Amino acid sequence: EPVKEWTVNLVQHSHTDIGYTRSQTEILAEHLRFIDSALDYCDQTDNYPKEARFRWTCEASWTVREYLNSRPKAQIDRLLQRINEGRIEVTGMFFNYSEIIDETALAIQTQPIKAFKNHGIDVTTAMQNDVNGIGWAMIDIYKNTGVKYLTMGQHGHRAHVPFDKPTSFWWESNSGNRLLACRSEHYMHGNALSLTSGEIDQFRANLSNYLDDLDAKDYPYNRTAIQFSGYLTDNSPPSTKACDIVKEWNEKYEWPKLKLSLASEFMEYLDTNEDDSLPIQKKAWPDWWTDGFGSAFRETKTARNTHSQMIANTGLLSMARLMGGNLPDDMGDDIVSAYDELLFYD
């Protein structure tokens with residue numbers, strides 16, 4: 001029978017998990033170095049075929065905000081150049097969030113997007129990985145920010161994973177706003193397929209079995225996106241192993257086509273080619289496995305109380321300003337700092 005003409009978008013990122021593989025004090029320094037390495041790997045693969053050139057998606061906007069605030073101008077210019085070329089992408093979630101984040105904090109975590117625009121960085125995609133849901137308010141919060149896509153890299157370890165295969169749909173709020181959403185496979189599914197092993201035969205067998213499985217489940221498209229990291233671990237540094245495999249693969253095989261991609265590429269394909277066929281889900285998308293709070297109930301109580309207090313305090317400060325009160329010039333910085341601390345726990 002004729003071979004199905006698959007295209008597989010391979011999206012490399014580092015899953016940002018604060019404190020999981022290293023202490024919190026070390027994670028930022030590591031992720032800043034990852035962006036440095038990503039820039040070097042872009043340089044090293046400039047002469048590769050287009051589909052095999054290194055590409056990197058910054059999963060958390062936190063690391064990019066801190067990169068722009070801390071790196072020298074020459075390095076920032078390198079980053080902006082690669083973003084403009086479509087080799088590096090900045091996404092719109094500050095972190096990956098659990099169920100305890102409230103609506104106000106979910107809105108405040110979009111603030112870096114404004115700063116990115118001042119650097120000429122357009123953000124169209126939000127990534128939520130490892131956590132299997134997000135607040136329904138997110139759809140309305142991202143309206144007018146430029147973010148129109150959401151990719152959800154699931155983790156079914158102790159979770160209820162929705163749908164039996166990667167599934168794309170319009171996720172709609174009660175107000176009628178929408179995000180184009182995709183429930184992807186595990187956020188390191190490419191590693192499970194041996195993409196970063198360096199062994200093309202092993203990867204070929206695993207990928208073939210996976211694509212056959214999608215066909216058996218009536219997956220509706222001839223294109224899919226697979227996330228992976230440089231190594232099989234959270235907070236992983238980047239790697240060029242996949243660049244070499246994709247280069248060799250596309251020289252050897254006509255189909256499937258492999259392409260190192262940014263997170264937005266598959267979403268843009270859906271938006272352009274499958275818009276009319278996508279279902280609408282007007283439903284909440286709760287998480288099913290955030291069970292760590294039971295081991296940190298005192299800290300969770302403090303965080304939840306602080307969320308409530310911040311709403312009250314900022315409301316009172318707004319009223320004071322409207323009534324002509326003089327407020328400290330650096331008060332805004334204090335509010336941002338307080339929410340940063342909350343977002344670290346959320």
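1. On a 1 Å grid over the protein atoms alone, a cavity is a set of points where a 1.4 Å probe fits but cannot get out. A pocket is an open set with protein on both sides within 12 Å along at least five of seven lines. Lining residues have an atom within 4 Å of a point. Grid points are joined across faces, edges and corners, and a volume is the space filled by probe spheres set on the points.

2. Basis. This is a predicted model, in which local features need pLDDT of at least 70, side-chain atom pairs need pLDDT 80 or more, and totals for chains, interfaces and linings use all residues. Numbering runs from 1 along each chain as its sequence is written, and side-chain values use heavy atoms, without hydrogens or water.

3. Largest cavity. The whole structure holds two cavities of 30 Å³ or more. The largest has a volume of about 100 Å³. Its lining consists of V11, M127, T151, C182, S184, A225, Q227, A263, F266 and M267. Two or more of these residues come from each of β7 (178-184), β8 (223-228) and α10 (263-273). Helices (H or I, at least four residues) and strands (E, at least two) are DSSP runs, numbered from the N terminus. α10 gives the most, three residues. The lining has seven nonpolar residues, three polar and no charged. Here Ala, Val, Leu, Ile, Met, Phe, Trp, Tyr, Cys and Pro count as nonpolar, Asp, Glu, Lys and Arg as charged, and the others, Gly among them, as polar.

4. Q227. This lining residue is found in strand β8. Q227 is buried, at 5% relative accessible area. Buried means under 20%, exposed over 50%, and partly exposed in between (1.4 Å probe, protein chains only). The Q227 side chain makes a polar contact with the side chain of H13, at 3.0 Å. A polar contact is a pair of N or O atoms within 3.5 Å; within protein, one must be able to donate a hydrogen and the other to accept it, and residues adjacent in sequence count only if both atoms are side-chain atoms. Leaving aside neighbours within four places in sequence, Q227 is in contact (heavy atoms within 4.5 Å) with residues including V11, M127, T151 and S184.

5. Second cavity. The second largest cavity has a volume of about 70 Å³. Among its lining residues are S14, H31, W56 and E59. α1 (24-44) and β2 (56-58) each supply at least two. The lining divides into five nonpolar, five polar and one charged.

6. Largest pocket. This pocket has about 900 Å³ of space. It is lined by 32 residues, with D17, I18, D130, V131 and T290 nearest its centre. The lining has 13 nonpolar, 13 polar and six charged residues. α12 gives the most, three residues.

7. Helix α12. M331, Y339, D340, L342 and L343 are buried in α12. Their cover includes α2 (61-70), α4 (103-108) and α11 (297-322).

8. Backbone points to check. Most residues other than glycine have a negative phi, and most peptide bonds are trans. The W255 to P256 bond is cis, with omega near -10°. P256 is found in the loop between α9 (241-252) and β9 (257-261). N144 has a positive phi of about 70° and is exposed, at 73% relative accessibility. F163 has a positive phi of about 75° and is partly exposed, at 36%.
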